[in-house]
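Please keep the sequence and the coordinates at hand while reading.

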Amino acid sequence: MDGLFEVASSGDGPVSPGGDQAVTGGFTDVAADAPLAVRMRPAGLDELVGQQHLLAPGAPLRQLVGGASPMSVILWGPPGSGKTTIAHLVAGATDRRFIALSALSAGVKDVRAVIDTARKERRRGGPPTVLFIDEVHRFSKTQQDSLLAAVEDRTVTLLAATTENPYFSVISPLLSRCVLLTLQPLTDDDVRTLLRRAVTDARGLDGAVTLDDDAEAHLVRLARGDVRKALTALEAAAGAALAQGLATVDLPTAEKAVDVAALRYDRDGDEHYDVVSAFIKSIRGSDVDAALHYLARMITAGEDARFIARRMVISASEDIGMADPTALPIATAAAHAVEYVGLPEVQIVLAQAVIHLALAPKSNAVVAAIGAAMADVRSGHGGTVPAHLRDSHYKGASRVGHGQGYKYPHDDPRGVVQQEYAPEGIRDREYYRPTGHGAERAVAERLPKLRRIVRGAGASGGSGAGDAPESNSSSMEERHR
């Protein structure tokens, strides 16, 4: 339940497989000693800060909270963006029966018991049932399947919350039966507004302390859009100030109360993929400072250094390639260093490799080349291997003409001869089109000469730097985005 609310057990609620009563019913009342973030939960939509894109008149969120529509909704957003707050606002509607389940503890039996009770209530003209499921992405496919029929016929109105991308974590049939509302991280101004409200509001600190501008800026910066984190830090800082007999929370007090900024980084969740995507794209875009930032973010969050190194090895060929042929061995050496040295020292090696990759000239010609070649193979282009190129090292090969007529390039002073290498059907294909970036410029000048010799004087000679393709968007490039 995000650690911020408890769910009241209902005396007539369903019984869990273990014999204990399932966690169902409405939210418990807020106790006077509840965490500051809980006490400051908005009492109505007018107090809700942020998510303005969902609060327009007639918008799904406003209809959901107001009870104007029985639509089922999935709330997707990062921690501290207001998912639990919205659930509380829905629970406050008096004309609906509100049931809350935690996906961490509820099972299929609990879900079915809620649905059965909701169906009985509906038949006897009772209030409609809203079923709130927190962390719905933790439900298995079977557990999510158990909701389908009840959501379909509106036996229950589902309100589900998740921090994970629902397109990956929620089954398609359930997702198609719900309206997906995407909550954005709160802005710094949103967090600042809520901090100031908590300092003065009777539900919060009630003016017991004041908050210096520097301390406020520090808490906003640490929160990174997570208002729960900001309010928790404020409560700790206020407690530290009052314990010292101080009426003001200054920057040193805030810094001591909140020693380390906890990173929002789930190695199995969206943030993992988002950060590594930004990391690779920063290298590709030659922004060395941004690339180092994302590297530091992953290392600090405990990301597997081997994973980081693997992504760098791929980037060395995908985004740099022949524009700097040293990029791949440097990235590979960094990957080896991860195994050989390990953290924390290897972070220096990784940083050196990141700097090299980010500052290197860029070319995606390697990606485009293999992508075009693979496309031809999948399309059935290309005949049998020419007879003069076939293996001739076994007894009887000469009888079937294998290897006959093959020209050995090293016998020519130039080291290259005119000869058919490609199979029938692709002899005129030119997959590799070097750019004019970095070391690939020399390759672009040499390649047309080689093609003319190999294919004969009448060959086009291939494409030089001026004919380089636009940025490739093959499936290989998108594979880890």
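## The H15 and H16 pair

In this predicted model, helix H15 (residues 305-320) packs with helix H16 (residues 327-340) at an angle of about 175°, and their axes lie 8 Å apart. Because angles over 145 degrees count as roughly antiparallel, H15 is roughly antiparallel to H16.

On the H15 side, the residues in contact are Ala305, Arg306, Ala309, Met312, Val313, Ala316, Ser317 and Ile320, and on the H16 side they meet Ala327, Leu328, Ala331, Thr332, Ala335, Val338 and Glu339. Sorted by class, this contact of H15 with H16 has eleven nonpolar, two polar and two charged residues. A general point about helices bears on such a list: an α-helix has 3.6 residues a turn, so residues three or four places apart point the same way.

## Overall content

The protein has 20 helices and seven strands, and 47% of its 481 residues count as buried. Among contacts between residues at least 6 apart in sequence, 71% join residues at least 24 apart.

## The cavity

The count of cavities of 30 Å³ or more comes to one, and the largest cavity has a volume of about 250 Å³. It is lined by 18 residues, of which Pro42, Gly80, Gly82, Thr85 and Val227 are the closest to its centre.

Helix H3 (83-91) and helix H11 (227-243) each supply at least two residues of this lining. By class, the lining of the largest cavity has ten nonpolar, five polar and three charged residues.

## Helix H10 and its surroundings

Within helix H10 (residues 213-223), the buried residues are Ala215, Glu216, His218, Leu219, Val220, Leu222 and Ala223. These buried residues of H10 pack against helix H9 (188-200), strand E6 (210-211), H11, strand E7 (248-249) and helix H12 (251-257). H11, one of these partners of H10, also supplies at least two residues of the lining of the largest cavity.

## Positive phi angles

Arginine 224, which follows H10, has a positive phi near 50°. Aspartate 206, although not a glycine, has a positive phi of about 55°, and its place is in the loop between H9 and E6.

Arginine 154 is likewise not a glycine and has a positive phi of about 60°. This arginine 154 sits in the loop between helix H6 (148-152) and strand E4 (156-162), where arginine 154 is partly exposed, with a relative accessible area of 48%.

Glutamate 420 has its place in the loop between helix H18 (365-378) and helix H19 (440-455), and it counts as partly exposed because its relative accessibility is 41%. Leaving aside residues up to four places away in sequence, glutamate 420 touches Pro386, His388, Leu389 and Arg427. Glutamate 420 and valine 454 are 34 residues apart in sequence, and their C-alpha atoms are 7.4 Å apart in space.

Leucine 104 is found in the loop between strand E2 (97-102) and helix H4 (108-123). Its relative accessibility is 55%, and therefore leucine 104 counts as exposed. The C-alpha atoms of leucine 104 and histidine 137 are 9.7 Å apart in space, while the two residues are 33 residues apart in sequence.

Key: Residues numbered from 1 in each chain as written. Predicted model: local features only at pLDDT ≥ 70, side-chain atom pairs only at ≥ 80, totals over all residues. Heavy atoms only, no water. 1 Å grid on protein atoms, 1.4 Å probe; cavity = no way out; pocket = protein on both sides within 12 Å on 5 of 7 lines; lining within 4 Å. Points joined across faces, edges and corners; volume = space filled by probe spheres on them. Helix = DSSP H or I, 4+ residues; strand = E, 2+ residues; numbered from the N terminus. Nonpolar A, V, L, I, M, F, W, Y, C, P; charged D, E, K, R; others polar. Buried < 20%, exposed > 50% of the residue type's maximum accessible area, 1.4 Å probe, protein only. Contact = heavy atoms within 4.5 Å. Axes fitted to C-alpha atoms, helices over the stretch in contact; angles between N-to-C directions. Parallel < 35°, antiparallel > 145°, perpendicular 65-115°, else oblique.
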